[in-house]
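Dear colleague,

Please find below the sequence and the structure for your review. A summary of the findings follows directly after them.

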Amino acid sequence: MKGYFISVEGGDGSGKSTQIKKIEAYLREQGQEVILTREPGGTPVAEKIRELILDPANKALTGRAEMLLYAASRAQHVEEKILPALAAGKTVLSDRFTDSSIAYQAFGRGLGGMVAEVNRIATGGKEPDLTIFLNITPAAGMARKNNQDGHELDRLEQEKAAFHEKVYEGYLSLVKESNGRIADIDADRPAEEVFADIKKHLDRVFGFVATK
């Protein structure tokens with residue numbers, strides 16, 4: 001039985017956590033065995049790297065070092081968790097994958113093509129079967145984030161608005177180049193409306209219902 005790999009992408013405040021819960025519940029209703037994971041992280045080693053990357057105290061971390069740490073975390077994640085789950089016919093649902101690195105490091109940090117090459121090595125070329133991009137402008141997303149009670153901004157969230165604008169431009173560029181792998185979903189709407197559009201793409205990829 002084929003294992004499916006689904007990733008969910010979006011800027012800060014795009015509603016990823018909410019939609020991932022809905023996606024997981026829907027896939028389980030359809031009989032899928034879902035492995036829920038995240039990046040950076042997903043395994044004990046990768047989670048330790050996550051702490052290093054996102055700690056606001058590590059302001060001296062350079063763009064290239066950041067890129068390589070993300071890739072190291074991803075390499076461990078892919079080999080230890082993602083590939084074995086897919087080989088066993090399970091569905092992997094990941095909060096972020098390589099598209100985040102392209103958006104945040106290639107565009108946000110200005111590191112260009114080297115980011116894709118480093119991540120090709122880290123993943124062995126593995127890509128999701130479907131990527132859900134929750135499309136919301138940085139201004140709207142950060143307004144949501146700042147309104148969350150008790151939320152402390154991590155190192156990336158604390159970046160200036162210009163950085164987040166470059167990241168957003170990166171995501172839009174990735175959508176255009178994805179040949180349909182990335183589903184561009186308007187996320188600046190009520191959660192149920194957003195999920196209704198996501199469900200159409202899940203049905204198409206998994207073949208749950210006939211598509212028009």
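In this predicted model, the largest nonpolar core comprises 24 residues. Within that core, the residues with the most contacts are Ile-53, Tyr-104, Val-115, Phe-133, Leu-156, Val-167 and Tyr-171. At least two core residues come from each of helix H2 (44-54), helix H3 (63-87), H4, helix H5 (114-123) and H7. The greatest contribution is that of H7, which gives six residues. Apart from this core lies another, of 22 residues, which includes Leu-130, Ile-132, Leu-134 and Ala-187. As general background, nonpolar side chains in soluble globular proteins tend to be buried together.

The packing of H4 against H7 may also be of interest to you. The axes of helix H4 (residues 98-108) and helix H7 (residues 161-177) come within 8 Å and cross at roughly 130 degrees; H4 is therefore oblique to H7. Their crossing is right-handed. On the H4 side, the contact involves Asp-99, Ser-100, Ile-102, Ala-103, Tyr-104, Phe-107 and Gly-108. These meet Phe-163, Lys-166, Val-167, Glu-169, Gly-170, Tyr-171, Ser-173 and Leu-174 in H7. By type, the residues of this contact are eight nonpolar, four polar and three charged.

Finally, Tyr-171 belongs both to the residues with the most contacts inside the largest core and to the H7 side of the contact with H4. Leaving aside residues up to four places away in sequence, Tyr-171 touches Glu-9, Gly-10, Gly-11, Arg-96, Asp-99, Ser-100, Ala-103, Tyr-104 and Phe-133.

Note on methods:
Residues numbered from 1 in each chain as written. Predicted model: local features only at pLDDT ≥ 70, side-chain atom pairs only at ≥ 80, totals over all residues. Heavy atoms only, no water. Axes fitted to C-alpha atoms, helices over the stretch in contact; angles between N-to-C directions. Helix = DSSP H or I, 4+ residues; strand = E, 2+ residues; numbered from the N terminus. Parallel < 35°, antiparallel > 145°, perpendicular 65-115°, else oblique. Left-handed = near helix turned anticlockwise from the far one by under 90°. Contact = heavy atoms within 4.5 Å. Nonpolar A, V, L, I, M, F, W, Y, C, P; charged D, E, K, R; others polar. Core = buried A, V, L, I, M, F, W, Y, C linked by side-chain atoms within 4.5 Å. Buried < 20%, exposed > 50% of the residue type's maximum accessible area, 1.4 Å probe, protein only.
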